[in-house]
Amino acid sequence: MDGPTIIDVAKRAYVSRSTASLALSNRADRVSPDTRERVLAAARELGYRVNPTGSQLRSGGGGDVAFIYHPLDEFELEHGSGPMWARFAMTLGMELGKGGYRLLMLEKSEASGQRLYASAALAFAETTDELDVPEFPFGVPVWVASPGPTDPHSRISFDFTRIASDALTFLAATLTRPDRGNIRVAVCVRGVQDPPFTAPMLEALERVGAQLSITVVSKWVDPRDDLQLEAFIAFARAQEIDVILSWGVPIPQQAIGVGDPCDPVVFAFCENELPTEFAPATPHLSFCLDGAARQISSEVTAVLQGREPENIVL
């Protein structure tokens, strides 16, 4: 049986078909706030869904997928998440392009307080529990990567527990050194907040580590500050750390030592392939963000072709 139509929504809200269409479109400013809320309530009660293909054709902006990201300062652009987000967005845009969709990059400050039109939206700018996503017309699917609640939107998240378990199991299996009891891991994290992934990943590493009898501690280091890096290396030696997990802070093994079997072993924790700052033989773990971009593209494309939106777990 076919789902409810715009006419059904109009009847439920006691408005004309054209008024209901305006209230649900990017032209909602042409109806009163009370009327719009009444139409939206009727659409939600009936389970009405906008036909994405029809909406694209009527709007003239067909196939646009908004990508909303948090502001990046100069430090992040050079040393932090800037290069990662650039590559992620490039891969995502290329994958969406195969289906005829275009990725629109918007810094959160550009989108804040505006009513935007797009066929779908991906919000990677939420750094707190307070959700602040730009307004889109009714029926536009929105996915939010956030450490807090995402209702009424769908969520994008990593399975941090699985990643942490795979990472620590790999470290334990790869490490070859005299047995000194529990393995001790120090995570050296670049000194920038990288919402919404860094904090949940570190929490998962500590939690899973406790289950595997692996002690995990984390230290934030500014890659530009040699003194901070030297202090971290001194900390690792003083605490008899077995493994340094370098996440966004290049630490060559030579900086730690290569002759003493009790020196910490450096592992790289990277977004895709091993960064060039490390020796080719450096053991490394990868988030495989290129694969994550392809998975997100596949999910978004399926929804734009008529499937119900679902949470995306990477």
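1. Let's start with Val144, which is buried, its relative accessible area being 0%. You will find Val144 in strand β4, a strand that covers residues 142-144. Please also look across to Arg155: eleven residues of sequence separate Val144 from Arg155, yet their C-alpha atoms are 4.9 Å apart in space.

2. Now for the whole chain. Keep in mind as you read that this is a predicted model. The protein has eleven helices and eleven strands. It has 314 residues, and 48% of them count as buried. The accessible surface is about 15,500 Å², with carbon and sulfur atoms holding 52% of that area. As for contacts between residues at least 6 apart in sequence, 61% bring together residues at least 24 apart.

3. How are α1 and α2 oriented to each other? Helix α2 spans residues 17-24, and its axis lies 8 Å from that of α1 at an angle of about 100°. Angles of 65 to 115 degrees count as roughly perpendicular, and α1 and α2 are therefore roughly perpendicular to each other.

4. On the α1 side of that contact are Ile6, Ile7, Val9 and Ala10, and they meet Arg17, Ala20, Ser21 and Leu24 of α2. By class, the residues of the contact of α1 with α2 are six nonpolar, one polar and one charged.

5. Next, take α1 with α3. Helix α1 (residues 6-13) packs against helix α3 (residues 33-46) at about 120°, and their axes are 8 Å apart. That angle makes α1 oblique to α3. The crossing of α1 past α3 is right-handed. Asp8, Val9, Arg12 and Ala13 are the α1 residues here, and their partners in α3 are Arg38, Val39, Ala42, Ala43, Glu45 and Leu46. The contact of α1 with α3 divides into six nonpolar and four charged residues, with no polar ones.

6. The remaining pair is α2 with α3. Here the axes are 9 Å apart and the packing angle is about 90°, and α2 and α3 are therefore roughly perpendicular to each other. From α2 the contact takes Thr19, Ala20, Ala23 and Leu24, and from α3 it takes Thr35, Arg36, Val39, Leu40 and Ala43. Six nonpolar, two polar and one charged residue make up the contact of α2 with α3.

7. Most residues other than glycine have a negative phi. Tyr14 is not a glycine, yet its phi is positive, at about 60°. Where does Tyr14 lie? Its place is the loop between α1 and α2. Tyr14 counts as exposed, with 73% relative accessibility.

8. Cys288 is the other residue to check, with a positive phi near 55° although it is not a glycine. Cys288 sits in the loop between β10 (284-286) and α11 (289-304). Is Cys288 buried, partly exposed or exposed? Its relative accessible area is 46%, so Cys288 is partly exposed.

Key. Residues are numbered from 1 along each chain as its sequence is written. This is a predicted model: local features need pLDDT of at least 70, side-chain atom pairs count only at pLDDT 80 or more; totals for chains, interfaces and linings use all residues. Side-chain values use heavy atoms; hydrogens and water are left out. Helices (H or I, at least four residues) and strands (E, at least two) are DSSP runs, numbered from the N terminus. Buried means under 20% relative accessible area, exposed over 50%, partly exposed in between (1.4 Å probe, protein chains only). Contact means heavy atoms within 4.5 Å. Accessible areas come from the Shrake-Rupley method with a 1.4 Å probe; for residues, only the protein chains shown count as cover. Axes are lines fitted to C-alpha atoms, for helices over the stretch in contact, and angles run from 0 to 180 degrees between N-to-C directions. Angles under 35 degrees count as roughly parallel, over 145 as roughly antiparallel, 65 to 115 as roughly perpendicular and the rest as oblique. A crossing is left-handed if the near helix is turned anticlockwise from the far one by less than a right angle, and right-handed if clockwise. Ala, Val, Leu, Ile, Met, Phe, Trp, Tyr, Cys and Pro count as nonpolar, Asp, Glu, Lys and Arg as charged, and the others, Gly among them, as polar.
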